[in-house]
Amino acid sequence: MDVEKTLQSIQEQMADVVDARKDKLSMVVFSGDLDKLLAAFIIATGAVAMGLEVVMFFTFWATPALRDKKKKGKGKDIFAKMFGFMLPKGPSKVTLSQMNMGGMGTAMMKKIMKKKNVSSLEEMIELAGELGVRIFICEMSMDLMGFTRDEIIDYPGLESVGVASFLAEAGDSKIQLFI
Amino acid sequence: MSDITVDVNMDLKGLACPLPVVKVSQQIKKMDVGQVLVAETTDPGAHSDFPAWAKSSGNEILDTVKEGNVSKFYIKKVK
């Protein structure tokens, strides 16, 4: 009946429980659609306003959305060149997940957004950078699609990582999302 | 209408989600505890966003005044 020992053990367990989940939001951004990317950034920036630290892991179809339309990737083989041509080059080129209607739907949506003063995707990405939202790019997706780091936008603190790095962040986050 | 002493005025009219709360949270960081800011917004989601933000950031909404489609939130920095 060692009360002190039991008390200490309980205190240590409490410390684990209390520190377990940080005020952090980790998001997997998998979709390359304009509407889904916008939602991801609105949630990310909103989360910063609510006092959360935010990590966004860009993988698969979301990866092309971070391309800089002014830059050109070097040293690509035929497949990489094909991917580069077929996939959108940056945030201004991504389209709606529905009702794209050959580009008309996306154009209309952008027009309405501008009219209602809703920030564009490019503006949201810039805001996210200013607010300290961390962006991780999936190395594997980059490799598969043949994108190189030199064609990616200038985003503060951008890191190329593997899934374990993301999972480490997600592991102690209060909120985890898949978009 | 409200006789609260205001230290900072924020005209956020025309800004859409999530900008109103983002800007308020940035401004609050620069203020001292006890100071009050008033945020004017036309964002339709503000009526639920501002209280939610205040709750999670630990700050206090002293008053909410609605004039047409403009809502004024008087916010006091508590911590």
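Predicted model: local features only at pLDDT ≥ 70, side-chain atom pairs only at ≥ 80, totals over all residues.

Biologist: Fine. What is the strand order in the chain A sheet?

Modeller: The order is β4-β3-β2-β1-β5, an open sheet of 5 strands with parallel pairing. Helices (H or I, at least four residues) and strands (E, at least two) are DSSP runs, numbered from the N terminus. Two strands pair if DSSP finds at least two bridges between them.

Biologist: Which strands sit at the edges?

Modeller: β4 and β5 (173-178) of chain A; each pairs on one side only. The twist averages 25° from one strand to the next. Axes here are lines fitted to C-alpha atoms, for helices over the stretch in contact, and angles run from 0 to 180 degrees between N-to-C directions.

Biologist: Now β3(A). Why call it largely enclosed?

Modeller: Because 5 of the 5 residues of β3(A), residues 134-138, are buried. Buried means 20 or more other C-beta atoms within 10 Å of the residue's own, exposed means 12 or fewer, and partly exposed is in between, with C-beta atoms placed from the backbone.

Biologist: Which way do its residues point?

Modeller: Arg134(A), Phe136(A) and Cys138(A) point one way from β3(A), and Ile135(A) and Ile137(A) the other way. In a regular strand the side chains alternate between the two faces of the sheet.

Biologist: How many bridges tie β3(A) to β2(A)?

Modeller: There are 4, in the parallel sense, with β2(A) covering residues 53-58. Val55(A) stands opposite Arg134(A). Phe57(A) faces Phe136(A), and Phe58(A) faces Ile137(A).

Biologist: And with β4(A)? How many there?

Modeller: β3(A) and β4(A), residues 159-161, pair over 3 bridges, again parallel. The bridge partner of Phe136(A) in β4(A) is Glu159(A). Between these strands comes helix α6(A), residues 139-145, and the three make a right-handed β-α-β unit. Right-handed means that, with the strands pointing away from the viewer, the path from the first strand over the helix to the second runs clockwise.

Biologist: Back to β2(A). How many of its residues are buried?

Modeller: 5 of the 6, so β2(A) is also largely enclosed by the rest of the structure. β1(A), residues 22-29, pairs with β2(A) over 6 bridges in the parallel sense. Lys24(A) stands opposite Glu53(A) in that pairing. The chain crosses from β1(A) through α2(A), residues 34-49, to β2(A), and this crossover is right-handed.

Biologist: I keep noticing Val133(A). Where is it?

Modeller: Val133(A) is in the loop between α5 and β3 of chain A. It counts as buried because it has 25 C-beta neighbours inside 10 Å.

Biologist: Which residues does it touch?

Modeller: Leaving out residues up to four places away in sequence, Val133(A) touches Ala44(A), Thr45(A), Val48(A), Val54(A), Met56(A) and Ala128(A). Contact means C-beta atoms, placed from the backbone, within 7 Å. Val133(A) and Gly157(A) are 24 residues apart in sequence and 9.1 Å apart in space, C-alpha to C-alpha.

Biologist: Switching topic. Which non-glycine residues have a positive phi?

Modeller: Among them are Met99(A), at about 55°, and Asn117(A), at about 60°. Most residues other than glycine have a negative phi, and most peptide bonds are trans.

Biologist: Is Met99(A) buried or exposed?

Modeller: Met99(A) is exposed, with 12 C-beta neighbours inside 10 Å. Its loop runs between α3 (78-86) and α4 (104-115) of chain A. Asn117(A) is partly exposed, with 13 other C-beta atoms within 10 Å. Asn117(A) lies in the loop between α4 and α5 (121-131) of chain A.

Biologist: Where is the cis peptide bond in chain B?

Modeller: It joins Cys17(B) and Pro18(B), with omega about 0°. Pro18(B) lies in the loop between β1 (8-11) and α1 (19-29) of chain B.

Biologist: Last one. How many residues of chain B are in contact with chain A?

Modeller: 12 residues of chain B are in contact with 11 of chain A. On the chain B side, the elements giving two or more residues are α1 and α2 (46-57). The largest share, 4 residues, comes from α1(B). That side divides into 8 nonpolar, 4 polar and no charged residues. Here Ala, Val, Leu, Ile, Met, Phe, Trp, Tyr, Cys and Pro count as nonpolar, Asp, Glu, Lys and Arg as charged, and the others, Gly among them, as polar.

Technical notes
Residues numbered from 1 in each chain as written. Chains lettered and ligands numbered in written order. Contact = placed C-beta atoms within 7 Å.
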